[in-house]
Amino acid sequence: MFLLTPVLVAVVCILMVWIFKNADGGTERRNREPRAEARPWVDEDSTGSTDVHQEEAEADEWQESEEEVEHIPFSHTRYPEKEMVKRSQEFYELLRTAPSGAHTEPWTFVVVKDPDVKHKIREIIEEEEEINYLKRMGPQWVTDLKKFRTNWIKEYLDTAPVLILIFKQVHGFAANGKKKIHYYNEISVSIACGILLAALQNAGLVTVTTTPLNCGPRLRVLLNRPTNEKLLMLLPVGYPSKDATVPNLARKTLDQIMVTV
């Protein structure tokens, strides 16, 4: 019968203690390691974009938000319809259309006028936006929006005469049916959106840029758009109400935004 000597027993005990200690320590270290949590505010249609996964600073590094900003009457110049058409034609002749990566023109503009469709769009957006404000966006983002007096209720989606939903085409299709690369599709469509905003302003119309967080898939189905199109922006277009107000925001000075080398 095999018997352990006192020395061997001591060695075995020390070895077992060392093994269990390191096993527990390894577990503790694994438990202490920060998990790579998914950011709930990332839009499903924006995954893969280079600008949505920003590095998050520590809480004490954030600047306090302005929760209260004075709102002032909105100043607007309304032109006669003939003048609006004339200004639009002149603007088109001046800028023509937007540039795009390799001239792929990766955009689709869906113009919605039907009241029933507009209301369905509102229902989808308000349902998702309530979740956004309560869960996805987090307290910092909600606080940052307080000065704009916004929430998940979007009456303007019903009252605006026209809604323009801009989709980016992440890829296209060649004549033979094969997929076609759309280079810099999000940047290209964003440039087109900027020109459209300027065109609407020039014509005497008003809008507000909205990016319905996580509404893209449902709106794409509602509007019968293909899966290669991802919602980038929604613009309600019309005239301002008589009592419309806007936050009295200051713009950055030129020396804050321009660097000359």
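This is a predicted model: local features need pLDDT of at least 70, side-chain atom pairs count only at pLDDT 80 or more; totals for chains, interfaces and linings use all residues.
1. Does Glu127 count as buried, partly exposed or exposed? At 44% relative accessibility, Glu127 counts as partly exposed.

2. Residues are numbered from 1 along each chain as its sequence is written, and side-chain values use heavy atoms, with hydrogens and water left out.

3. Overall picture. The protein chain has eight helices and seven strands; these are DSSP runs numbered from the N terminus (helices H or I, at least four residues; strands E, at least two). Of its 261 residues, 32% count as buried. The chain exposes about 18,800 Å², of which carbon and sulfur atoms supply 57%; accessible areas come from the Shrake-Rupley method with a 1.4 Å probe. Among contacts (heavy atoms within 4.5 Å) with a separation of 6 or more, residues 24 or more positions apart account for 81%.

4. Helix α3. This helix covers residues 115-136, and its 22 residues should span 32 Å at 1.5 Å a residue; the end C-alpha atoms are 29 Å apart, which agrees. The expected span is 1.5 Å times one less than the number of residues. After α3 comes Gly138, with a positive phi near 85°.

5. Burial of α3. The buried residues of α3 include Lys118, Ile121, Ile124, Ile125, Asn132 and Tyr133. Among the elements that cover the buried residues of α3 are β2 (107-112), α4 (138-144), β3 (162-169) and β6 (229-237).

6. Leu219. This residue is found in helix α7 and, at 0% relative accessibility, counts as buried. Leu219 touches Ile121, Ile124, Ile125, Leu165 and Leu231, not counting residues up to four places away in sequence. The C-alpha atoms of Leu219 and Ile124 are separated by 7.4 Å, although the two are 95 residues apart along the chain.

7. Glu129 lies in helix α3 and is buried, with a relative accessible area of 10%. Its side chain makes a polar contact with the side chain of Asn132 at 2.5 Å. A polar contact is a pair of N or O atoms within 3.5 Å; within protein, one must be able to donate a hydrogen and the other to accept it, and residues adjacent in sequence count only if both atoms are side-chain atoms. Lys154, in the loop between α4 and α5, is buried as well, at 7%. Leaving aside neighbours within four places in sequence, Lys154 is in contact with Arg122, Ile125, Glu126, Glu129 and Tyr133.

8. Salt bridges around Arg122. A salt bridge is a side-chain nitrogen of Lys or Arg within 4 Å of a carboxyl oxygen of Asp or Glu; by this rule the count comes to 10. Glu126 and Arg122 form one of them (2.8 Å, N to O), and both residues are buried. The side chains of Arg122 and Asp158 also meet in a salt bridge (2.8 Å, N to O). Arg122 lies in helix α3 and Asp158 in helix α5, so this pair ties together parts that are 36 residues apart in sequence. Asp158 is partly exposed, at 25%.

9. Arg218 and Glu127 meet in a salt bridge (3.4 Å, N to O). Arg218 lies in helix α7 and Glu127 in helix α3, so the pair ties together parts that are 91 residues apart in sequence. Salt bridges that share partners join Glu127, Glu128, Arg136 and Arg218 into one network.

10. Surface patch. Ile181, Tyr183, Tyr184, Ile187 and Ile191 make a nonpolar surface patch of about 550 Å². Patches are made of residues with over 30% relative accessible area and no salt bridge: like charges are joined within 9 Å, nonpolar side chains (Val, Leu, Ile, Met, Phe, Trp, Tyr) within 5 Å. Tyr183 lies in the loop between β5 (179-181) and α6 (185-203) and is partly exposed at 43% relative accessibility. Tyr184 is exposed, at 63%, and has a positive phi of about 50° although it is not a glycine.

Conventions
Buried means under 20% relative accessible area, exposed over 50%, partly exposed in between (1.4 Å probe, protein chains only).
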